[in-house]
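Dear colleague,

Please find the structure below, together with its sequence. A summary of the findings follows it.

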Amino acid sequence: MTLATTLIAGLSALSTSVPAPSLVMPELALLLAKQQARLILVARKREALKAVKARCLAYTPFCEILQADVTNENQVNEAAAKAIALYGHIDVLVNQATDGS
């Protein structure tokens, strides 16, 4: 077990805009999965989320997806509540979401 795995394993990490190909989020999600983090991946596009989840599941059994538009406050609150319901808390929040402009 590496130092990174020791530090990250078991942490609950919520990442937004995960499937966006121009962003670093798919690779970051995969890196966290390799370190055994418990992932919650959030984005608008469910099919793209499923593709990233499939890659992450090769390394960790703990990977959930939540479809939400982070420019919508109600959807953000709902996603946060679901994430906490899944893992009890959120240790790491990585947000690279934009409003598309």
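In what follows, a contact means heavy atoms within 4.5 Å. Among contacts in the protein between residues at least 6 apart in sequence, those joining residues at least 24 apart account for 65%.

This is a predicted model, in which local features need pLDDT of at least 70 and side-chain atom pairs count only at pLDDT 80 or more, while totals for chains, interfaces and linings use all residues. Residues are numbered from 1 along each chain as its sequence is written, and side-chain values use heavy atoms, with hydrogens and water left out.

The protein has 4 helices and 4 strands (DSSP runs numbered from the N terminus: H or I of at least four residues for helices, E of at least two for strands). Along the sequence they follow the pattern α-β-α-β-α-β-α-β.

Of the 101 residues in the protein, 35% are buried (under 20% relative accessible area with a 1.4 Å probe, counting protein chains only; exposed is over 50%, and partly exposed lies in between). The protein exposes about 5800 Å², of which carbon and sulfur atoms supply 57% (Shrake-Rupley method, 1.4 Å probe).

Helix 2 spans residues 25-34, and its buried residues are Met 25, Pro 26, Ala 29, Leu 30, Leu 32 and Ala 33. Seen down the helix axis, these fall within an arc of 160 degrees (taken from the directions from the axis to the C-beta atoms), so they line one face of helix 2.

Leu 31 also belongs to helix 2, but is partly exposed, at 47% relative accessible area. After helix 2 comes Gln 36, with a positive phi near 70 degrees.

Yours sincerely
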